[in-house]
Amino acid sequence: MKYVLVGSACLILILAFVFGSSYYKGQQAEKFGFMAQKNAELFVRQHSATLGSPDAKVYIVEFMDPACETCAAFAPFIKNIMANNPGKIKLVIRYAPFHDGADNFVKILEAARMQGKYWETLDIMFKTQGVWASHHNYQPEKLWGFLPQVGLDVERIRKDMHDPSIARIIEQDMADVKALNVQKTPGYFVNGRPLQVFGYRQLQQLIQSELDAQYPK
Amino acid sequence: MSQADQAAKLNWTLLFLCWLLVSVSMTISIFFSSVLEYEPCVLCWYQRICLFPLVLILGVGLFPFDKSVVKFALPLAIVGGLTAFYHSLLYAGIIPESIQPCSKGVSCTEKYFELFGFVSIPMLSFFAFSTIIVLLLVIKRRTSK
């Protein structure tokens, strides 16, 4: 009786382990269908900021620049698509600060991330962009006034934005921009597939086709 | 059943629970490292060194029930428990990170997993070791009468 008890406990533990690992591996394989490709890290780096459920199977990788007007215009559109497909979409932000001086805004954004206010900061940057970046006339000093609105410590941002780790993130992203041949911002990839003809409708179709493929009805 | 038989049965059951707890802990620990690929930090390894032998020591003590198993198992459980306690304090930031002995490899404050948002791996370990210590002490008291 005692042997049976201990033996069955062993057996249950072993079975739980085996089933647990095969279940987990299956989930991972599904989740990272496109991530399993050899060059997946070109799209999603360890340092990349992501929004959305960790179980999402559709990855929207956006190469952007906080000072880019079209990026700001697309932000509500992406937000809307994500809200309409809860848990299915993950947004990955990559940087492509093409214009001179644009990297300063990426640095501010990354410094805000150190205070845990990444998405709020990106939001306020997009909303106030017209003030500090109208027609590529960058005036960072006009941005500072808006940052405390989301509870940021501006003095800390000024210090943190020169952190060498942020410079490395930008360097890596720019290297990937080259490798993926991103020419303009925002540059979109949905599960590794590039948006070939730019436009709201085209992006919507690309996302929908991946949603249909990953979540068959 | 006589009173002595009943007492013996309860002792065996307590030791079995002890063994079950360390076996479950070991399985979860190996699941974390091999399947989820959470790399164990130095302090985690010290706790594993104390945990894994307990599965065998307590298991052997079950067949037939041997009260001296407590003598061999308790030191391991105490060392493991103390390490887990220290690790939990480090993880919670109560002990500053600068004096931690594990600067190479994985940081001991690396957040991998938090059950219900606050139960960390070191806390689970501490909970398991303390429960084992308590159970072993109960067995010790019951058998030394």
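Begin by selecting Asp176(A) and Arg94(A), whose side chains meet in a salt bridge with an N to O distance of 2.6 Å. This pair links distant parts of the chain, since Asp176(A) belongs to helix α9 of chain A while Arg94(A) belongs to strand β3 (residues 89–95) of chain A, 82 residues apart. Both Asp176(A) and Arg94(A) are buried. Bear in mind throughout the tour that this is a predicted model.

Stay in chain A and move to helix α8 (residues 154–160), where Glu155(A) and Arg158(A) lie 3 residues apart, about one turn of the helix. Their side chains form a salt bridge at 3.9 Å, N to O. Glu155(A) counts as exposed because its relative accessible area is 55%, above the 50% cut-off, whereas Arg158(A), at 38%, counts as partly exposed.

Asp160(A) is buried at 16% relative accessibility, while Arg156(A) is partly exposed at 36%. To see how salt bridges can share partners, display Arg45(A), Arg94(A), Asp173(A) and Asp176(A) together, for they are joined into one network. Over all chains the count comes to 9 salt bridges.

Next, turn to the backbone of chain A. Most residues other than glycine have a negative phi, and most peptide bonds are trans. Against that background, select the loop between α9 (164–179) and β4 (187–190) of chain A, where Pro186(A) lies, and look at the peptide bond between Thr185(A) and Pro186(A), which is cis with an omega of about -10°. That loop between α9 and β4 also holds Asn181(A), a residue other than glycine whose phi is positive, near 60°. Is Asn181(A) buried or exposed? At 53% relative accessibility, Asn181(A) counts as exposed. Asn191(A), found in the loop between β4 and β5 (193–194) of chain A, has a positive phi of about 50° although it is not a glycine, but Asn191(A) is buried, with a relative accessible area of 6%.

Now select chain B, which has 4 helices and 2 strands, with the elements running α-α-α-β-β-α from the N terminus on. Of its 145 residues, 43% are buried, and chain B exposes about 8,100 Å², of which carbon and sulfur atoms supply 69%. In the loop between α2 (42–62) and α3 (69–92) of chain B you will find Pro64(B), which a cis peptide bond with an omega of about -15° joins to Phe63(B). Then go to Ala7(B) in helix α1 (residues 3–35) of chain B, which counts as partly exposed at 30% relative accessibility.

Finish where the two chains meet: 11 residues of chain A are in contact with 13 residues of chain B. The area buried between chain A and chain B is about 1,200 Å², and carbon and sulfur atoms give 90% of it. The chain A side that touches chain B divides into 8 nonpolar, 2 polar and 1 charged residues. How many salt bridges are there between chain A and chain B? The count is 0, and the rule likewise finds 0 residue pairs in polar contact across this interface, with both residues required to be at pLDDT 80 or more.

Technical notes. Residues are numbered from 1 along each chain as its sequence is written. Chains are lettered from A and ligands numbered from 1 in the order in which they are written. This is a predicted model: local features need pLDDT of at least 70, side-chain atom pairs count only at pLDDT 80 or more; totals for chains, interfaces and linings use all residues. Side-chain values use heavy atoms; hydrogens and water are left out. Buried means under 20% relative accessible area, exposed over 50%, partly exposed in between (1.4 Å probe, protein chains only). Accessible areas come from the Shrake-Rupley method with a 1.4 Å probe; for residues, only the protein chains shown count as cover. Contact means heavy atoms within 4.5 Å. Buried area is the accessible area (1.4 Å probe) that two parts lose on being put together, summed over both. A salt bridge is a side-chain nitrogen of Lys or Arg within 4 Å of a carboxyl oxygen of Asp or Glu. A polar contact is a pair of N or O atoms within 3.5 Å; within protein, one must be able to donate a hydrogen and the other to accept it, and residues adjacent in sequence count only if both atoms are side-chain atoms. Ala, Val, Leu, Ile, Met, Phe, Trp, Tyr, Cys and Pro count as nonpolar, Asp, Glu, Lys and Arg as charged, and the others, Gly among them, as polar.
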